[in-house]
Amino acid sequence: MDANVRIVEVGPRDGLQNEKTPISTSAKLAFIESLAKSGLKEIEATSFVSPKWVPQLGDAAELWAQLPSGPEYSALVPNVKGLQRALQCGVDRISFFTAASEAFTQKNINMTIEESLVAFEQILDEFREVKPNGHVRAYLSTAFECPYAGRIEPEQTLSVARRLVNLGADEVSVSDTIGVAVPTEVSHLTKLLLEHLPKNKIAYHFHDTRGTALANLAKAFELGVTTFDSSAAGLGGCPYAPGAGGNLATEDLVYFFERSGVPTGVNLPELAQASLPILELLGRRPTAKAQLAVFSEQRNCP
Ligand code: HMG
Ligand code: MG
């Protein structure tokens, strides 16, 4: 295959936001440092969300101040208050989130889709004033199905994606929040999106609840999408999306691309090690397939 791929590692944010066991700032920093050493170049490090909603990420400012140099870091900002906290820390890559489902925006951010787009516009204006060259990503959750409202029509997902791009998002991360999609649905939605939006504006964020994330990624990649989110060890979930499993494991993604002849710049054995201390703190064993395969080849099963 002759293509470049961009990986956005979301383990420190999506991977940890749903975990009840408190993880110290120093353990998060050690995790991020190992991810960076393995070769990951873009890492979503945290979320400037209210600690009342997501206590695990209440240390966003403290963490941001100590991030190791190397990768490009981004942070999730849910509202203007989050943006202001992020700007105080010097964040220049932000991610906003809305959804294709009304029911989900209500549960997740306490807004209608329309209200969330107004909030996005306000966030963009304030952000661009301070960081004219900053990067803005918008997550579009429940792009295929909502845990409260059921299936989402591809035209509905397209319509919110177009609004986000027209408002000024540099990219839209089309998210299968509860991990239900299969390749035929990804194919249909991707073709529709690419009829209306440039391909460099589209990323995919597949949760792997039912084991279809890698097949979905392969389909989207075949159709020309080259930016994918994933999480080391497949950590992840959303506190406001019942049934959301972990993200596509970065190890599986890296194995898939490297074996397909598409360089990722990531050292898989180093990546396989990177999440072990966090998994131990969470009382979990590794489950990502390509990660386990590395350990089995090394005869070193933790
Ligand atoms: P709200 O309760 O409507 O907001 O929440 P509020 O303005 O009434 O604020 C309530 C309290 O929180 C106030 O404090 C605010 O000051 C404070 P009090 O007056 O009670 O002391 N507050 C904040 N503090 C610090 N930082 C902030 C902040 N905002 C308010 N940023 C809000 C509205 C959007 C904030 C809320 O709904 C929220 O935070 N929701 C969090 C949702 C979330 O984090 N979800 C997970 C991330 S999204 C995701 O995982 C999906 C994704 O992975 C893609 C996919 O898989 O689909 C991206
Ligand atoms: Mg997610």
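User: How far is a polar side-chain atom of H207 from an oxygen atom of ligand 1?
Analyst: The distance is 3.0 Å. Keep in mind that this is a predicted model.
User: How much of ligand 1 does the protein cover?
Analyst: The protein covers 76% of the accessible area of ligand 1. On its own, ligand 1 has 1,100 Å² of that area.
User: Which pocket does ligand 1 sit in?
Analyst: Ligand 1 sits in the second largest pocket.
User: And which residues come nearest to ligand 1?
Analyst: Q17, K52, N79, S141 and T177 come nearest. They belong to a set of 28 residues around ligand 1.
User: What about K81, how far is its side chain from an oxygen atom of ligand 1?
Analyst: An N or O atom in the K81 side chain is 2.8 Å from that oxygen.
User: Which helices and strands each supply at least two residues of the shell around ligand 1?
Analyst: Helices α1, α4 and α5, plus strand β5. Helix α4 spans 80–88, α5 spans 102–109 and β5 spans 135–141.
User: On to the metal. Which residues are the protein donors of the magnesium ion, ligand 2?
Analyst: D14 through OD, and H205 and H207 through NE2. These donors lie 2.1 to 2.3 Å from the ion. H207 also has the ligand 1 contact, with a polar side-chain atom 3.0 Å from an oxygen atom.
User: What spacing do the donors follow along the chain?
Analyst: The spacing is D-x190-H-x1-H. D14 lies in helix α1, residues 11–17, and H205 lies in strand β9, residues 202–206, so this pair ties together parts that are 191 residues apart in sequence.
User: Is D14 buried or exposed?
Analyst: D14 is buried, with a relative accessible area of 2%. H205 is buried as well, at 3%.
User: Backbone next. What is the phi of N110?
Analyst: Phi of N110 is near 65 degrees. That is a positive value, in a residue other than glycine.
User: Where is N110?
Analyst: In the loop between α5 and α6, and α6 covers 113–130. N110 is exposed, with a relative accessible area of 52%.
User: What about the phi of A233?
Analyst: A233 has a positive phi of about 65 degrees, although it is not a glycine. A233 is found in the loop between β10 (227–230) and α10 (250–259).
User: Is A233 buried or exposed?
Analyst: Buried, at 7% relative accessibility.
User: Changing topic. Where does L83 lie?
Analyst: L83 lies in helix α4. At 0% relative accessibility, L83 counts as buried.
User: How far is L83 from E185?
Analyst: Their C-alpha atoms are separated by 34 Å. Along the chain, L83 and E185 are 102 residues apart.
User: Last one, K219. Where is its place?
Analyst: K219 is in helix α9, residues 213–222. K219 is partly exposed, with a relative accessible area of 24%.
User: And how far apart are K219 and R13?
Analyst: In space, 26 Å from C-alpha to C-alpha. In sequence, K219 and R13 are 206 residues apart.

Definitions and conventions
Residues numbered from 1 in each chain as written. Chains lettered and ligands numbered in written order. Predicted model: local features only at pLDDT ≥ 70, side-chain atom pairs only at ≥ 80, totals over all residues. Heavy atoms only, no water. Donors = N, O, S within 2.8 Å, 3.2 Å for Na, K, Ca; no water. Helix = DSSP H or I, 4+ residues; strand = E, 2+ residues; numbered from the N terminus. Buried < 20%, exposed > 50% of the residue type's maximum accessible area, 1.4 Å probe, protein only. Near = heavy atom within 4 Å. Polar contact = N/O pair within 3.5 Å; in protein donor to acceptor, adjacent residues only side chain to side chain. Areas by Shrake-Rupley, 256 points an atom, 1.4 Å probe, with all protein chains shown as cover. 1 Å grid on protein atoms, 1.4 Å probe; cavity = no way out; pocket = protein on both sides within 12 Å on 5 of 7 lines; lining within 4 Å. Sits in = over half its atoms within 2 Å of the grid points.
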